[in-house]
Amino acid sequence: MRALTDDVREEISTMVIRCYANDCDVKPEEICKETKIQEELGSDSLLLISLLEEATQNYGLEISLSNIGKYINRRPLYTINDVIDTFCKIYKYGNDILKL
């Protein structure tokens, strides 16, 4: 398990918002943590794979897509904050995320 600092959480938050802004063709400042990813942005789950690839490169994460899929099936992602929290947990717990 890794320590999740405020700086890393902020970096993850910025990464998530930037990726959704780019993918959904909106300005980052138009996205807040309460923004609904499907209803308001029209995004789909494929963006999570891009986010995972970026997070893996930036932070050296080791987690399988299967484990992420199982985790998200139990805890669906509705808002930007849900995505940020999930990626923070991936950062902190890696494949052990399923034990949460």
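**Exercise 1. Determine whether D85 is buried or exposed, or in between, and identify its salt-bridge partner.**

*Solution.* Step 1. D85 has a relative accessibility of 26% and therefore counts as partly exposed; the class lies between buried, under 20% relative accessible area, and exposed, over 50%, with a 1.4 Å probe and protein chains only. The model is a predicted one, in which local features need pLDDT of at least 70 and side-chain atom pairs count only at pLDDT 80 or more, while totals for chains, interfaces and linings use all residues. Residues are numbered from 1 along each chain as its sequence is written, and side-chain values use heavy atoms, with hydrogens and water left out.

Step 1. The partner of D85 is R9: their side chains form a salt bridge with an N to O distance of 2.4 Å. The term requires a side-chain nitrogen of Lys or Arg within 4 Å of a carboxyl oxygen of Asp or Glu.

Step 2. Since D85 belongs to helix α4 and R9 to helix α1, the pair ties together parts that are 76 residues apart in sequence. Helices are DSSP runs of H or I with at least four residues, strands are runs of E with at least two, and both are numbered from the N terminus.

Step 3. R9 is also partly exposed, at 27% relative accessibility.

**Exercise 2. Find which residues of helix α3 are buried, and explain why they lie on the same side.**

*Solution.* Step 1. Helix α3 covers residues 65-74, and its buried residues are N67, I68, Y71 and I72.

Step 1. These residues share a side of α3 because they cover an arc of only 130 degrees around the axis, the arc being that of the directions from the helix axis to the C-beta atoms.

Step 2. An α-helix has 3.6 residues a turn, so residues three or four places apart point the same way.

Step 3. The buried residues of α3 pack against α2 (46-59) and α4 (80-93), where contact means heavy atoms within 4.5 Å. On the other side of α3, L65 and N73 are exposed.

**Exercise 3. Describe the aromatic pair and the charge that sits over one of its rings.**

*Solution.* Step 1. The count comes to one aromatic pair. Rings of Phe, Tyr and Trp (its six-membered ring) pair if their centres lie within 6.5 Å; planes under 30 degrees apart count as stacked, over 60 as edge-to-face and the rest as tilted.

Step 1. Y59 and Y91 form this pair, which is edge-to-face, with 5.3 Å from centre to centre and 85 degrees between the planes. Y59 is in helix α2 and Y91 in helix α4, so that distant parts of the chain, 32 residues apart, are linked.

Step 2. Both Y59 and Y91 are buried.

Step 3. The charged end of R2 sits over the ring of Y91, 4.7 Å from its centre; this requires NZ of Lys or CZ of Arg within 6 Å of the ring centre and within 35 degrees of the ring normal.

**Exercise 4. Characterise the largest nonpolar core and the contacts of V83.**

*Solution.* Step 1. A nonpolar core is a set of buried Ala, Val, Leu, Ile, Met, Phe, Trp, Tyr and Cys residues joined through side-chain atoms within 4.5 Å.

Step 1. The largest such core has 32 residues, and those with the most contacts inside it are I12, V16, Y20, L51, I80, V83 and F87. Each of α1, α2, α3 and α4 supplies at least two residues of this core, and α1 gives the most, with nine residues.

Step 2. Not counting residues up to four places away in sequence, V83 touches V16, Y20, I37, L48, L51 and L77.
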